Amino acid sequence: MRRTIWKAYYNYEKEEQWLNKMSEKGLALVDYFWIRYVFEDCHPGEYIYRIELLEHFSNHPESQSYLHFVEDMDIEIVGKWLRWVILRKKADSGSFDIYTDYDSRIRHCYRVWHWFRFFAVIEFICFSMQIPAFVSVTVADRTIWHPYLFTTSLLGIMVVSFVLLGLQFRRKAKQYEKEKNIYET
Amino acid sequence: MSKHNDYGALTEAVYYILLSLFRPLHGYGIMQKVTEMSGGRVHLGPGTLYGALNTLLEKGWIQSIGMEQSSRKKEYVITQAGRLAVTCEVARLQELLEAGRQIQEDNE
């Protein structure tokens, strides 16, 4: 029996936790696109899910080469969106982690930080472009209660959210870098 | 410094990957062999393994030898340069082990 859930996640780690919780409850993700998740019944805990941000878009030759490799390891690609992929593996074949040493984990954390930083910059540019409009309407109407307040604030909030979220991953990378002084894995 | 120090210390993952490729293997096989050789201690994630294999290919320590007959998976095997790297690494590990044993004995 299929179930479709619409949910917007920004933090991929929380998203991954959710998918694994669903799997434990007997619902396995079988299809994914952007904010649309399709589940099918499964044995509780049958699958382990992992989410990864690739270096390139999923249709890039480099990504294709990596994804073919991953499929050869008995890992299923459940869905792709932009540079994000959701992978799953059967739990009875052992543990499943994409990165198992600090170097690769650090690289992935920085990749995620850069992803959020990029969008924060885009949003900030849009935000800055809105400011003159916001100001002139405020002065003209002598009130801040107009549509530009909504759009400007929304953009401002998005900039801050992306930066804060991205910084979490940058912090994680720094922690891993410290651990790397002592351990390889 | 001895001539054998052309090679630095290998990571555990790379060392085990090289050892597993004394016979040709595909990606999944490498992962299983490494887990087996390490007594279940070392698990290589696909992301880590993919990166390491590409680096080893670039260095010429392993080579890809086309598809395995039955399953069309790409296989890899160690090269002469790779074998030399393993030899140096084993010597380095032996040195580490000796030093550790000696110090522990002297300070019992």
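**Notebook: cores and rings**

I began with the largest nonpolar core, which has 37 residues. Within it, B:Ile17, B:Leu18, B:Leu21, B:Ile30, B:Leu44, B:Leu49 and B:Leu53 touch the most other members. I note here that the model is predicted.

I picked B:Ile30 and looked up its contacts, leaving aside neighbours within four places in sequence. B:Ile30 is in contact with B:Ile17, B:Ser20, B:Leu21, B:Leu25, B:Leu49, B:Leu53 and B:Tyr76.

I then found a second, separate core of 26 residues. Its members include A:Tyr12, A:Leu53, A:Val78 and A:Val112.

**Rings**

A:Tyr12 lies in helix H1 of chain A and A:Phe169 in helix H4 (residues 147–179) of chain A, so the pair ties together parts 157 residues apart in sequence. Are these two residues buried or exposed? Both A:Tyr12 and A:Phe169 are buried.

I looked at another pair, A:Phe69 with B:Tyr50. The ring centres are 5.3 Å apart and the planes stand at 55°, so I logged the pair as tilted. This pair crosses between chains. A:Phe69 sits in helix H2 (residues 61–72) of chain A, and B:Tyr50 in helix H3 (residues 46–59) of chain B. A:Phe69 has 8% relative accessibility, so it counts as buried. B:Tyr50 is buried too, with a relative accessible area of 12%.

I also traced one aromatic cluster in chain A. Among its members are A:Tyr10, A:Trp84, A:Trp115 and A:Phe162, along with A:Tyr12 and A:Phe169.

**Charges over rings**

I checked which charged side chains sit over rings. A:Arg105 lies over the face of A:Tyr102, 5.2 Å from the ring centre. In chain B, the charged end of B:Lys59 sits over the ring of B:Trp61, 5.1 Å from its centre.

**A loop residue**

Last, I looked up A:Asn11. Where is A:Asn11 placed? A:Asn11 is in the loop between strand S1 (2–6) and helix H1 (12–24) of chain A. Why does A:Asn11 count as buried? Its relative accessibility is 9%, and buried means under 20%. Beyond its neighbours within four places in sequence, A:Asn11 is in contact with A:Leu165, A:Gln168 and A:Phe169.

How values were computed:
Residues are numbered from 1 along each chain as its sequence is written. Chains are lettered from A and ligands numbered from 1 in the order in which they are written. This is a predicted model: local features need pLDDT of at least 70, side-chain atom pairs count only at pLDDT 80 or more; totals for chains, interfaces and linings use all residues. Side-chain values use heavy atoms; hydrogens and water are left out. Helices (H or I, at least four residues) and strands (E, at least two) are DSSP runs, numbered from the N terminus. Buried means under 20% relative accessible area, exposed over 50%, partly exposed in between (1.4 Å probe, protein chains only). Contact means heavy atoms within 4.5 Å. Rings of Phe, Tyr and Trp (its six-membered ring) pair if their centres lie within 6.5 Å; planes under 30 degrees apart count as stacked, over 60 as edge-to-face and the rest as tilted. A charge sits over a ring if NZ of Lys or CZ of Arg is within 6 Å of the ring centre and within 35 degrees of the ring normal. A nonpolar core is a set of buried Ala, Val, Leu, Ile, Met, Phe, Trp, Tyr and Cys residues joined through side-chain atoms within 4.5 Å.
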